[in-house]
Every structure is written in C-alpha cells, then in structure tokens.
Amino acid sequence: IRILLSRRLVTIVGDNGVGKSSVAIAVCSYLSERRKFENGVIFARLRGVVTHEDLLLALAHAIMSGSHDLATRFSAFSERLRKSKDSASTSVSIRDQEENLLTFLSPIKALIVLGNVSGLLTGSSETTSDLKMFLSRLFDRCSYVKILTTGNEVIGMHGFGIVEHVVSLGPLSLYSSLRLFARLSPALATAAQKVKFVKTLLIPDQANVTLESRELSAPAAQILYMLGGGHPSKIVKIACESSNDRIDQMLS
C-alpha cells in the first residue's frame, strides 16, 4: 500500500498459489474503503487473456463493473462515440478500441488492477510488446492513473521510461504458516484451540524464518514441511483436510 501510493506501476510476482490475487484484493479493499482514489478501483481479471484485444475488452468490462458513477460515465462516453461514427462503418479496429479507452481514462483518477498478466507475457513477442506499449501510452496520456499488476514474472518496462516497482511474494514464515493453518483447520474449532496450537508449535526465535532463511533450525524446518513448506495454497489444502488425529500427531 505504501509503495503503491508513491509509485505509478507496481507488480506483484510469485509462484502460482502464493497469494498474489489475495494480496491485490486486500490492497484494493483498503484503498477503496479509505477513498484514496477519487474514481475508485478498476479490477480487470486477466486469467486466460492472451491477446491485446482480449486485454482491452477485459479492461472495458472492468470499467463497466466498477463504481456506478464510473460505469455511467463510460456508458455515456461509449454512446457518444457510437453516434459520432458512420452507421455504415465496419467494426472498430483494435487500435481504435485502445484509443477510445485511453481517451476515456485520461481525466480519471483511479487504480487499475491487471490481475494475472502472465498470459500476455508468455505468449508471442508481439503480444508482450503490445502490453508494454499500451502501458507506456496509458501512463503518458492518463496522468492520474496508477497500475497494480500480478503475475509470475515482471513485465520488464526498461526502455519505456517507466519504473516498475516489483514486490515478490514467497513462502510464509513459520508464525504466519501456523496462524493460517489454525484459522482454517476444522479440527481447531475454538479460538482457544487455535491459540494453543500456534503457541505449542511456534519456536520463539524462529517465528519469522522461512525455508529459505539462513537461520532456519531443524525443528522449524520439520514444522514448515508439515505445513506444505509455507506455501499458502498448500497450507489451505492441508488445513482443510486435517482431522483431530492429524492435529494430535502434529502437536506430539
């Protein structure tokens, strides 16, 4: 949140299931509740999007799915464009679609979230180039817009005059892994049981270590391995499938 408020392009990177989307959604909720952006948050989900045209369509859909005020303004803008066109004209080109979006967004003060741009970065070199050129034009034309993206790798905006600030997500610490497991395990039904579980397995001087830490001790490593190596999606699966017997084994 702090970085995003001071930078224009922030990319959250990490392996699949590490929690990139969860972090992005939490950030958006925080900023929306505090009205940090006058025109709100535009959240475009790009899973499965592999072409520039699909990106533009997803962004247009996200605008229409955003705040009522923004959706109304975009609808009126699109209607004016339609009426200004020759009724006999053919379908709008991709470049025209892009130009229309940039024209609409130019006065907008909003955070645009491009969730999961991996498909656009692992496709053809042309698609990757289109994404970078679009972001470059967007930042040039839309002075009040900020971009938050998520993906498996950085976009790589070197040479476009844009600083891409990267936030890397990795495995959770021992303490966070235990807390997540305790929160989701059906075998730990009460708050007291959850607290006891965390306190029993937490090694005081190892609370902040991960499997990648130099200070990692053998007992802490054993606990982390039981919790899927600290990988959030694995912890969720292990926790949801845990039984009373399994909890007893872990505590012993």
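I looked up V236 and found that, at 34% relative accessibility, V236 counts as partly exposed, since a residue is called buried under 20% and exposed over 50%. I note that the model is a predicted one, and I read every value here with that in mind.

**The chain as a whole**

I then stepped back to the whole protein chain, whose secondary structure comes to 12 helices and 5 strands. The C-alpha atoms fill a box of roughly 75 × 35 × 30 Å along the principal axes. Of the 252 residues, 42% count as buried, and I recorded that, among contacts with a separation of 6 or more, residues 24 or more positions apart account for 73%.

**The sheet**

In what order do the strands of the sheet lie? I read the order as β2-β3-β4-β1-β5, an open sheet of 5 strands with parallel pairing. The edge strands are β2 (41–45) and β5, each of which pairs on one side only, and the twist averages 15 degrees from one strand to the next. I also noted that α3 packs on this sheet, where α3 touches β2 and β3 and its direction makes about 140 degrees with that of β2.

Going through the pairs, I found β2 and β3 parallel over 5 bridges, with V113 in β3 as the bridge partner of F43. β3 and β4 are likewise parallel over 5 bridges, and here V113 stands opposite L148 in β4. β1 and β5 run parallel and are joined by 4 bridges, and in β5 the residue S168 is the bridge partner of V13.

**Strand β3**

Why do I call β3 largely enclosed by the rest of the structure? I do so because 6 of the 6 residues of β3 are buried. In a regular strand the side chains alternate between the two faces of the sheet. In β3 I see A110, I112 and L114 pointing one way and L111, V113 and G115 the other way, all of them buried.

**Helix α7**

I checked the length of helix α7 (residues 125–141) against expectation: its 17 residues, at 1.5 Å a residue, should span 24 Å, and the end C-alpha atoms are 24 Å apart, so the two agree. The helix lies across β1, β3 and β4 and runs at about 155 degrees to β4. The buried residues of α7 are T127, T128, D130, L131, K132, F134, L135, S136, L138 and F139. The cover over these buried residues includes the strands β1 (9–13), β3 (110–115) and β4 (145–151), together with the helices α3 (52–64), α5 (94–105) and α6 (118–121).

**M157**

Is M157 buried or exposed? With a relative accessible area of 2%, M157 is buried, since the cut-off for that word is under 20%. I located M157 in the loop between β4 and β5 (165–168). Leaving aside neighbours within four places in sequence, I list the contacts of M157 as L9, K132, L135, S136, I162 and E164.

**The largest pocket**

I found about 770 Å³ of space in the largest pocket. Of the 30 residues that line this pocket, V18, G19, S22, L180 and P232 are the closest to its centre. The elements giving two or more residues to the lining are α2 (20–33), α8 (174–184), α9 (191–201) and α11 (232–240), and α8 supplies the largest share, 7 residues.

**Helix α10**

My last entry concerns helix α10 (residues 218–226), in which A220, A221, I223, L224 and M226 are buried. The elements covering these buried residues include α8, α9, α11 and α12 (244–251). After α10 comes G228, for which I read a positive phi, near 70 degrees.

How values were computed:
Residues numbered from 1 in each chain as written. Predicted model: local features only at pLDDT ≥ 70, side-chain atom pairs only at ≥ 80, totals over all residues. Heavy atoms only, no water. Expected span 1.5 Å × (residues − 1). Buried < 20%, exposed > 50% of the residue type's maximum accessible area, 1.4 Å probe, protein only. Contact = heavy atoms within 4.5 Å. Pairing = 2+ DSSP bridges. Axes fitted to C-alpha atoms, helices over the stretch in contact; angles between N-to-C directions. 1 Å grid on protein atoms, 1.4 Å probe; cavity = no way out; pocket = protein on both sides within 12 Å on 5 of 7 lines; lining within 4 Å. Points joined across faces, edges and corners; volume = space filled by probe spheres on them.
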